[in-house]
Amino acid sequence: MKKSFRFSVPTRYIINFGLTALFIICGTLIVNGGAFKRATNAIILQIGIYIILTVSLNMVTGYLGQLPLGHAGFMAVGAYTGAILWKATAAMPCWVSILLGLIAAGLMAAVFGVLIGIPALRLKGDYLAIITLGFGEIIRICIINLAGITGGTPGLLNIPKYSSFFVVFTAAAITCYVIHTIMHSRHGRAILAIRENEIAADACGINLTYYKVFTFAVSAFFAGVAGALFAGFQGSLFPKSFDFMASINILVMVVLGGMGSMLGSVVAATVLTALPLVLQGLSEYRMVIYSLLLIIVMIFKPSGLMGKYDFSLTGIIEDAINGRLFRKKRKEGAENE
Amino acid sequence: MIILQHLLNGLRLGSIYALIALGYSMVYGIILLLNFAHGDIIMVGGYIALIIIGAGISPAIAVILSIVGCVLLACMIEKVAYKPLRQAPRISLLITAIGVSFFLENVAQLIWGADPRSFPYTTIIPSINYEIAGLKISLATILTIVVAVASMVVLTILVQKTRMGKAMRAVSEDMGAAQLMGINVNATITFTFAIGAALAGIGAILYCCYVPQVKPTTGYLLGIKAFVAAVLGGIGSIPGAMLGGFAIGMAEVAVNALGLSSWTDAVVYVVLIVVLLVKPTGFMGRSLNEKV
């Protein structure tokens, strides 16, 4: 039997990188060229931000199998860190300022992730959910009460609007790349093993606490980056944006896309964020539709729309070259004949 | 004297939390579900009472109807949303509960609007103040505490002395074995939800008289606080829920009395976190060992 065509690993990297770069450059040109209305541009930026949030939450919910309900808390930490830093460094060249802000936001959120993760991850299931909810709310209450630094309820205003299409989607691509890479390393396999069976993973010598806190911190890091991008997108920050509702919003996207599928997360984030654009008359029903979707998906397809399926771009090209894109995949054993 | 006054306030708030915590505790004890929708059932109960009183019907009927409404709603939620997921992983059940909670909140917002509505508490409990040895006690405070304690006594008798209570205890001990012994597990679970919701209905009236207003998000924070109370007392334990409820009510009133009212909610969450970390089984809970 003819050996089927495969790309070598470096070629795969080049193809993926090239296509991503092409997408970002074309997108920047189209968006900056003024092809869309302002409202559409805003939605496109939000899609990018939500992709980062969803993919990062998916890492904890889908891959690690825990259910934190405080993702908006990490986002808030990142948002305020980024915004305050940006305001302070507004005199610097904009690239330096943006990079500094994003990295500081991510690191700050990751520090909070570790601080919250170490105690919280001793608990399981419902208790973990409720304790992260508690931490998320405490962060929000602290933001309201520390008005000297954060502006309190009236909000933090006049944040430089740094979140352009290029910045947001480069960050989104890097997020997906880093999380994908982690998940396909031995660390990723350890994380998946914990999801499948914690006790068995422990017995195999996997350091449960280390990997749980590690996953939590990485997830928090990217949530923080997304938060900073959110600050740069809005130009102002209010504590109300980071309440429990916001955490649930992200959770709905992860669950709908399929817990454990990065593609699912990206698709769900895109579709659900773009939904108001399509259903303009239904904006007040949005949250009702969200909550119904959540219940219906859980009852009829608990694995989400994509399940655990993840696609690879180069894999599809390979299939096309081998002429079996639309045919059923043969079993792996058959190819080795 | 002022401390006694605060203590009384704390008792009133605490007994409301205790009533609601009982609903959480019982449902968690029987199917290990953290019923996020419990708080929102209370919100619906508040709105039902508000509308019926607004229509000029006597408050006694309003109270009864709002309790009945809560029970029906809870049974419906259990049948539609939770029952299909009985064999599903716990995480799916939890997400569904969050979904139900959000659904109720948003539907309420669509129907009644997001703005808080004031609750006609004086038509339900006339505002009469007694003065005993310099201590001001309102009729509402006395009624709240008495009703709460009476409900708990009735509940304890129900769980400890009746056939249904025995079935409930059996199902929460071991669902499979209970089924083999000929207990109708589904009916028992529905009954537990109904009892929890009835207590929530009573709690709804008492809480709305305390605040006194209703808004679509009433249930969210109340639910969380009641849950904290349930965890504090030891989830699955009836006296524990009462103790936890009183403790949270007192803590909240104490923080307010110290003039830190903007930190009240944070204190409740801190209590929750500390309890979960130090003694996850609470005052009176029993520990569950995970089997391989």
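Reader: Which numbering and which limits apply here?

Author: Residues are numbered from 1 along each chain as its sequence is written, while chains are lettered from A and ligands numbered from 1 in the order in which they are written. Since this is a predicted model, local features need pLDDT of at least 70 and side-chain atom pairs count only at pLDDT 80 or more, whereas totals for chains, interfaces and linings use all residues.

Reader: Where in chain A is the confidence lowest, and where is it highest?

Author: The score to read is pLDDT, the predictor's confidence in each residue, from 0 to 100; helices (H or I, at least four residues) and strands (E, at least two) are DSSP runs, numbered from the N terminus. The mean pLDDT of chain A is 84, with 93% of its residues at 70 or more. Helix 15 of chain A (residues 332–335) has the lowest confidence, with a mean of 36, and helix 10 of chain A (residues 208–234) has the highest, at 94. Over residues 328–337 of chain A the pLDDT stays under 50, and the model has three contacts beyond four places in sequence for that stretch, a contact being two residues whose C-beta atoms, placed from the backbone, lie within 7 Å.

Reader: How many residues does each chain give to the contact between chain A and chain B?

Author: Chain A gives 27 residues and chain B gives 32 residues. On the side of chain A that touches chain B, the elements giving two or more residues are helix 5 (125–145), helix 11 (244–257) and helix 13 (286–300) of chain A, and helix 5 of chain A supplies the largest share, 11 residues. By class, this side of chain A has 20 nonpolar, four polar and three charged residues, where Ala, Val, Leu, Ile, Met, Phe, Trp, Tyr, Cys and Pro count as nonpolar, Asp, Glu, Lys and Arg as charged, and the others, Gly among them, as polar.

Reader: What does the radius of gyration say about chain B?

Author: The radius is taken over C-alpha atoms, and the globule rule is 2.2 Å times the number of residues to the power 0.38. Chain B has 12 helices and four strands. Its radius of gyration is 19 Å, close to the 19 Å that the rule gives for 292 residues, so chain B is as compact as a globular protein of that length. Along the principal axes, the C-alpha atoms of chain B fill a box of roughly 60 × 45 × 35 Å.

Reader: How do helix 3 and helix 4 of chain A cross?

Author: Axes are lines fitted to C-alpha atoms, for helices over the stretch in contact, and angles run from 0 to 180 degrees between N-to-C directions. The axes of helix 3 (residues 71–88) and helix 4 (residues 94–120) of chain A come within 8 Å and cross at roughly 145 degrees. Among the residues that meet are A:Phe74 and A:Trp86 in helix 3 of chain A, and A:Leu100 and A:Phe112 in helix 4 of chain A. This contact has 11 nonpolar, seven polar and no charged residues.

Reader: Is A:Ala269 buried or exposed?

Author: A residue is buried if 20 or more other C-beta atoms lie within 10 Å of its own, exposed if 12 or fewer, and partly exposed in between. A:Ala269, in helix 12 (residues 262–278) of chain A, is buried because 27 other C-beta atoms lie within 10 Å. A:Ser236, in the loop between helix 10 and helix 11 of chain A, counts as partly exposed because it has 15 C-beta neighbours inside 10 Å.
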